[in-house]
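Visitor: I would like to go through this model and ask what lies behind each label. Please show it first.

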Amino acid sequence: MIVLGIETTCDETAASLVRGGRDILSNVIASSADIHERYGGVFPELACRRHIDAMLPVIEEAIRPVHRSEIDLIAVAKGPGLVGALLIGMQTAKGLSLAWKRPFIGVNHVEAHLYAAMMSAPSSELLAHLFPSLGLVLSGGHTFLVKILSVGRYELLGTTVDDAIGEAFDKVGTLLGLSYPGGPKVEKLAQKGDPSRFAFKAGQVKKNPLDFSFSGLKTSVFYALKDRKLEEEEKACAAAAFQETAFADIAAKTALAMKNFPCHAIFVGGGVSSNLRLRALLTEKFPSLPIFWPPSNLSLDNAAMIAGLGYHKFLESPYSHPLDLEVQTRIPIA
Ligand code: KG4
Ligand code: ZN
């Protein structure tokens, strides 16, 4: 079964063909991050205009490996995301579904980030033996810690009460004078810094010890830098201390969550999962557990994860979504 995935939740216009939920035939991504750079964050209206221009060329390129008639299903990210951006992907998917007489299905973008990590499991059969496991979604808009019972069945264990982890990276990037998106630049700067030069703390949430809070950490970075002209070396130390504190907090909460059930593996998805320091830290902290990360190009927003998850959702209930399916700017993961 070949699925065309479509992704337009934020500032990436993406389309991809995936066979059998795992085999990526194409993965085309057009980002509008260049125009958002000068505003320090995503400018929704400009993202939408880029989606309109990019949508059809991106799909044309993505479907090139096959004949149109070989595409069995169209999967689209129905949310969460920016409403205007979501509508463009959704309307395109519905239009293609009507024109090509193929079923269409809407999937949850956050769940798809987790599925991207599952695509790294050696086979679907092996994947089934890795549950229950822990899932971490670490992206620009979302921070979730979940228990995974199977593809599509999750129990929410923790989420952020304020900033998402990627958002905190981007805001700290701005404080350090780095352009949007700051995450990868903070990582690069942190490589040259000594994290012990600043004593930062991540927030603890009384109501649920598995919840996250990064806004206090971000404010600590703000006060450490305030009214001072920092040398490049000091900036690197602040970046390293921020990154180390945030990741140590994620690792500690992952360890705590694991105490409550027999956990067979960890799956980490979302843009922040491409951070090499995070990968090293979790590998060091959980040496006896297999940890799965998205294949290359599938950490950040992409449509292969949408097509892959769409395949599973369709097998589970082989009904096309009706053409009045609406986009959802917010959807809980569980
Ligand atoms: O998953 P994603 O593409 O979009 C959302 O669904 O939100 O994640 C983008 C986020 C941005 O905040 C970006 O700064 C962050 O992921 N990011 C990183 C790294 N690469 C991307 N954060 C830390 N280290 C990185 N290497
Ligand atoms: Zn995303």
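Visitor: Where does P80 lie in this predicted model?
Guide: In this predicted model, P80 is in the loop between β4 (73-79) and α3 (83-100).

Visitor: What makes the bond between G79 and P80 a cis peptide bond?
Guide: Its omega is about -10 degrees, and the bond is cis. Most peptide bonds are trans. The bond from Y180 to P181 is cis too, with omega near -5 degrees; P181 sits in the loop between α6 and α7.

Visitor: Why is the phi of D227 worth a remark?
Guide: D227 is not a glycine, yet has a positive phi of about 55 degrees. Most residues other than glycine have a negative phi. D227 belongs to the loop between α8 (215-225) and α9 (232-258).

Visitor: How do you know that D170 makes a polar contact with ligand 1?
Guide: The cut-off for a pair of N or O atoms is 3.5 Å. An N or O atom in the D170 side chain is 2.6 Å from an oxygen atom of ligand 1, so the pair counts.

Visitor: What about S274 and N275?
Guide: A polar side-chain atom of S274 is 3.3 Å from a nitrogen atom of ligand 1. For N275, an N or O atom of the side chain is 3.0 Å from a nitrogen atom of ligand 1. Both pairs are within 3.5 Å, so both are polar contacts.

Visitor: How much of ligand 1 does the protein bury?
Guide: Ligand 1 taken alone exposes 560 Å², of which the protein buries 91%. The space that ligand 1 takes is the largest pocket.

Visitor: Which elements give two or more residues to the shell around ligand 1?
Guide: They are α4 (109-118), α6 (165-175) and α7 (183-190). The shell has 20 residues, the closest being G140, G141, D170, E187 and G271.

Visitor: Why is ligand 1 said to lie between domain 1 and domain 2?
Guide: Domain 1 (2-113 + 298-316) and domain 2 (126-293) both contribute residues to the shell, so ligand 1 lies between them.

Definitions and conventions. Residues numbered from 1 in each chain as written. Chains lettered and ligands numbered in written order. Predicted model: local features only at pLDDT ≥ 70, side-chain atom pairs only at ≥ 80, totals over all residues. Heavy atoms only, no water. Near = heavy atom within 4 Å. Polar contact = N/O pair within 3.5 Å; in protein donor to acceptor, adjacent residues only side chain to side chain. Areas by Shrake-Rupley, 256 points an atom, 1.4 Å probe, with all protein chains shown as cover. 1 Å grid on protein atoms, 1.4 Å probe; cavity = no way out; pocket = protein on both sides within 12 Å on 5 of 7 lines; lining within 4 Å. Sits in = over half its atoms within 2 Å of the grid points. Helix = DSSP H or I, 4+ residues; strand = E, 2+ residues; numbered from the N terminus. Domains from an automatic or database assignment.
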